[in-house]
Amino acid sequence: KDTKYAYLGITISTQYSGDVLKSMGYPAGAVVESVAQNSPAAKVGIASSDIITAFDKVAINDYTAYNTER
């Protein structure tokens, strides 16, 4: 069975773990590093430095969770 992923057009930073974000006063999640021009993410207003905390009602507590759950 082929696995299919939705194309969002974002790159996630691996610099900030969920614990690091929380220690800096931010919610745990995955930090958007870049957004491709004219991508679905750009069209809905996702921007660089945004923090993704959930995707399709699944909590994202760290960049590793985003890469696994997407």
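The backbone nitrogen of Gln 15 lies 3.0 Å from a polar atom of the Ser 13 side chain, a polar contact being a pair of N or O atoms within 3.5 Å in which, within protein, one must be able to donate a hydrogen and the other to accept it, while residues adjacent in sequence count only if both atoms are side-chain atoms. The model is predicted, so local features need pLDDT of at least 70 and side-chain atom pairs count only at pLDDT 80 or more, whereas totals for chains, interfaces and linings use all residues. Residues are numbered from 1 along each chain as its sequence is written, and side-chain values use heavy atoms, with hydrogens and water left out.

Ser 13 belongs to the loop between strand 1 (10–12) and helix 1 (18–23); helices (H or I, at least four residues) and strands (E, at least two) are DSSP runs numbered from the N terminus. Ser 13 is buried, with a relative accessible area of 4%, where buried means under 20% with a 1.4 Å probe and protein chains only.

The table gives contacts (heavy atoms within 4.5 Å), leaving aside neighbours within four places in sequence.

| Residue | In contact with |
|---|---|
| Ser 13 | Val 31, Glu 33 and Tyr 63 |
| Ala 30 | Ile 12, Asp 50, Ile 51, Ile 52, Ile 60, Asp 62, Tyr 63 and Tyr 66 |

Three strands form an open sheet in the order 1-2-3 with antiparallel pairing, two strands being paired if DSSP finds at least two bridges between them. Strand 1 and strand 3 (51–52) stand at the edges, each with a single partner strand, so one side of each has no neighbour in the sheet. Two bridges join strand 2 to strand 3, and Val 31 stands opposite Ile 51 in strand 3.

How values were computed: Buried < 20%, exposed > 50% of the residue type's maximum accessible area, 1.4 Å probe, protein only.
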